[in-house]
Amino acid sequence: MRTKIYTLLATLALTGTCMTVSAQALHSGYFLEGYNFRHQLNPAFSGERSYVSIPLLGNINIGTQGNIGLGTFLYPQNDQLVTFMHSSVDGQDFLDGLKNNNRINANINLTLLSAGFKAWGGFNTIDLGLRSNTSMAIPYDLFAFMKMGMSSPETHYHMENLGIQSNNYVELALGHSHKVNDRLNVGGKLKFLFGGANLSMRMTDMDVTLSQDKWMVKANGEMNASLKGLVMPTKGESGKEVTNPSQHDLIDWDEIDVDSPGLGGFGMAVDLGATYRILDDLTLSAAILDLGFISWNNNVKAVTSNSAWEFDGFHNIAVDPETGDDDPNSLDSQLEAIGDELEDYASFHRTENGTKRSTVLAATLNIGAEYVFPFYDRLRFGFLSSTRINGQYSWSEGRISANVAPVKWFDASVNYALSSFGSSFGWLLNFHPKGLNFFIGMDHLMGKVSPQFIPVSNANMNISFGFNIAFGG
């Protein structure tokens, strides 16, 4: 019985984290003048040459971030891998590898088409791309509850800010960089956003109390899902048996469907940036990106019941061999009823259907400083501070880099970063002779990986590359 109830409670705790995946260009290229897409990091940057991207191949940037990795949850056992729930894994050893707030991000920045050209007294860019960003936060006590269960006569777990957020859209951006004088450059972008799908699911607080006399669960959560054609029927609408009125508006997860998906919303955003050369060998820069919103036109909102669920043991257990498990008071019947009751409690009650909803984008603040090495002016050192402003999913990063351009058609960067997700090494190789531009690099050099190339120590990994046609002086 205890194993069954633990499984059901864990299902409730994981309800807010059952789904997984706005990225900009590669941070390693921020100080490389030959890197075509650094205007995505600061719109004040001008391109070295005019360019047109090869469709779908101009700029591909895919990555993940996290302060935990695969090795936190899988353990070697007799030439096999077992999960942290296996009896051979010591509970305290597993918990010592966790953080108070365990976080994972997944990002996609895919440029469908891009062009840059000189006109109107500056450098202009046009970008059409796919943006996807998913963030997940899982508190320490969730894993402690799953692994340790009832570890004392009365055990209490408090799980705060358990949640997931996903934003997916297509972006059309028009940018202009202008040289004000020999020291100051300014730039801006106007973005038109075409919403694809958005999900926000959060348990603001959840308490589980396990004692010898009574088990109690209390959850307070909210979910919003926006997608054109999304159908999330309730149990009452799907025609299934409803034993009490409170079940009528429970979302029926088995019947969710998407009918005629398409444009789910529309929004706008701006990027603003500037660079200023305060000394001949020192330049400062700053940019704020993705100041904007998306208005979604088909949103489903649901909330938890916000009342406590209690289990104080079995009562009047039937032991009549003639009725057996068919007796409603038999142990199996009572256990099944408790499972159904807890499953209903773990679900969301739909409160709104097909309504409008607006969400703000996760803004990013980039601040940079670049120093030209006095004895070799083709070597430059840089520091870039990046901060993502996104509520409980916010993060920050500081990155130092050495950047060299030994010849006109090639430049490269090596860098080291410290962030909310740990430390990482990055690099970028950029080939930009007349007629062609090819780059490849990583902001997070992968360490130890599994045979499926999944990071073991933490989730920090990314790869970026692109092919573009360059022309002009």
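Two strands are taken to pair if DSSP finds at least two bridges between them, and the elements themselves are DSSP runs numbered from the N terminus, with helices being H or I of at least four residues and strands E of at least two. The model is a predicted one, in which local features need pLDDT of at least 70 and side-chain atom pairs count only at pLDDT 80 or more, while totals for chains, interfaces and linings use all residues. Residues are numbered from 1 along each chain as its sequence is written, and side-chain values use heavy atoms, with hydrogens and water left out.

Strand β2 (residues 59–66) runs antiparallel to β22 and is joined to it by five bridges, with Thr64 standing opposite Met461 of β22. Strand β22 (residues 461–471) is also joined by four bridges to the antiparallel strand β1 (residues 50–53), where Val52 has Ile469 as its bridge partner. Strand β21 (residues 437–442) pairs with β22 as well, in the antiparallel sense and over five bridges, and here Phe439 is the bridge partner of Gly466.

Turning to the lysine, Lys147 lies in helix α3 (residues 140–148). The side chain of Lys147 does reach the backbone oxygen of Val89, at 3.0 Å. Leaving aside residues up to four places away in sequence, Lys147 touches Phe84, Met85, His86, Val89, Asp90, Gly91 and Phe94, where contact means heavy atoms within 4.5 Å.

Key
Polar contact = N/O pair within 3.5 Å; in protein donor to acceptor, adjacent residues only side chain to side chain.
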